[in-house]
Amino acid sequence: MSDLISGVDNMSVTEAKSGGNDAGRIAEVKAWLTSQFDAAGKDVPEFEYTPRSIAHLYNLATASQAKTQAANIVANDFRQKTVEYRAQAARIREILENVGLAQESLPSNVVSSAQVLANVANFLNIRDTELSSFLVAMGDLSLRKTGVEEKRAKVQKESKILLDYTRKAIARLTYLKRTLAQLEDDVPPCEAQMENWKTNLAVMASKERQYLQQYSNYKALLNRVGYTQDISHGMLVEMAEHRQDLEKKTKPIMDTLRSYQDLPPDKALATLAIEDKKRQYAAAEKYLEDVLQSALATTD
């Protein structure tokens, strides 16, 4: 039935549709269904005869009849060959009986050997028992065996390669599973770190807004005090260096002024202080001369 259905699938649907409403086709379909179900011992089930169903059933009936006819031809050919083989066997049996080689008169070992020879001939698919036929059949069998061995070796080689690939795939799968497990273990710490980063990002965003606001405030303040682009860092550094130079130049003057600040405010006291300083200066000179005189005397 599956062969029939496949035959229907391969047929043209257009041809079936062209005569779907033909009464002759409906009659053929009904007759074919009746014959098929009668052969199976069942009644034809009731169904609606639509153009589409009639077309499919007609194609199915046509394919079934064609295959049935082909099967009858093959069966008749097999029956005719059977009759011919039986007639030939009867003639050969008669000839063997006439020469005294009937099966009943042969020893059992000869009958067994002949049966084995016949079985081997059937196995090798040869029609006679000639030695050359056996040799040709054995050579063909050897070639087939060699081909099978080559295919087997090729299959074994491919199986070995596939087995190697399978082992590598299993090792790779094991590594991937281990990596996946490690990544799954790393998920909670990473999530915690991401939450921390989100918190820090929110804080940094808040700080950024604060700094932008402060920058705007400072910029407004500088604009109010008259800040210009000329007052740059380089100019401030240059002014600081100039200030340091001025401090170095005014330091001796400031030291002199501070020494003057040590004098008494009264003129008389200032005079006495000057005279006292002069006496101390004279005493120091006299002491220096005495030291020099004593040093000269010691040298002499």
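**Ground rules.** The model is predicted, so I noted that local features need pLDDT of at least 70, that side-chain atom pairs count only at pLDDT 80 or more, and that totals for chains, interfaces and linings use all residues. Residues are numbered from 1 along each chain as its sequence is written, and side-chain values use heavy atoms, with hydrogens and water left out.

**Overview.** I looked up the elements. The protein has eight helices and zero strands. Helices here are DSSP runs of H or I with at least four residues, strands are E runs of at least two, and both are numbered from the N terminus.

I then checked burial. Buried residues make up 9% of the 300 residues in the protein. Buried means under 20% relative accessible area, exposed means over 50%, and partly exposed lies in between (1.4 Å probe, protein chains only).

**Largest core.** Which residues form the largest nonpolar core? I found seven: Val29, Trp32, Leu33, Leu57, Tyr58, Leu60 and Ala61. The elements that give two or more residues to this core are α3 (23-39) and α4 (51-98). The largest share, four residues, comes from α4. A nonpolar core is a set of buried Ala, Val, Leu, Ile, Met, Phe, Trp, Tyr and Cys residues joined through side-chain atoms within 4.5 Å.

I followed one residue further. Leaving out residues up to four places away in sequence, Val29 touches Ile54, Leu57 and Tyr58. Contact means heavy atoms within 4.5 Å.

**α3 against α4.** I looked at how these helices cross. Their axes come within 9 Å and cross at roughly 60°. Axes are lines fitted to C-alpha atoms, for helices over the stretch in contact, and angles run from 0 to 180 degrees between N-to-C directions. α3 and α4 are therefore oblique to each other. Angles under 35 degrees count as roughly parallel, over 145 as roughly antiparallel, 65 to 115 as roughly perpendicular, and the rest as oblique.

I listed the residues that meet. Those in α3 include Arg25, Trp32 and Gln36, and those in α4 include Ile54, Ser64 and Gln65.

**α5 against α6.** I moved on to helix α5 (residues 108-124) and helix α6 (residues 131-225). Their axes come within 10 Å and cross at roughly 50°. That makes α5 oblique to α6. Leu117, Val120, Ala121, Phe123 and Leu124 in α5 meet Phe134, Ala137, Met138 and Leu141 in α6.
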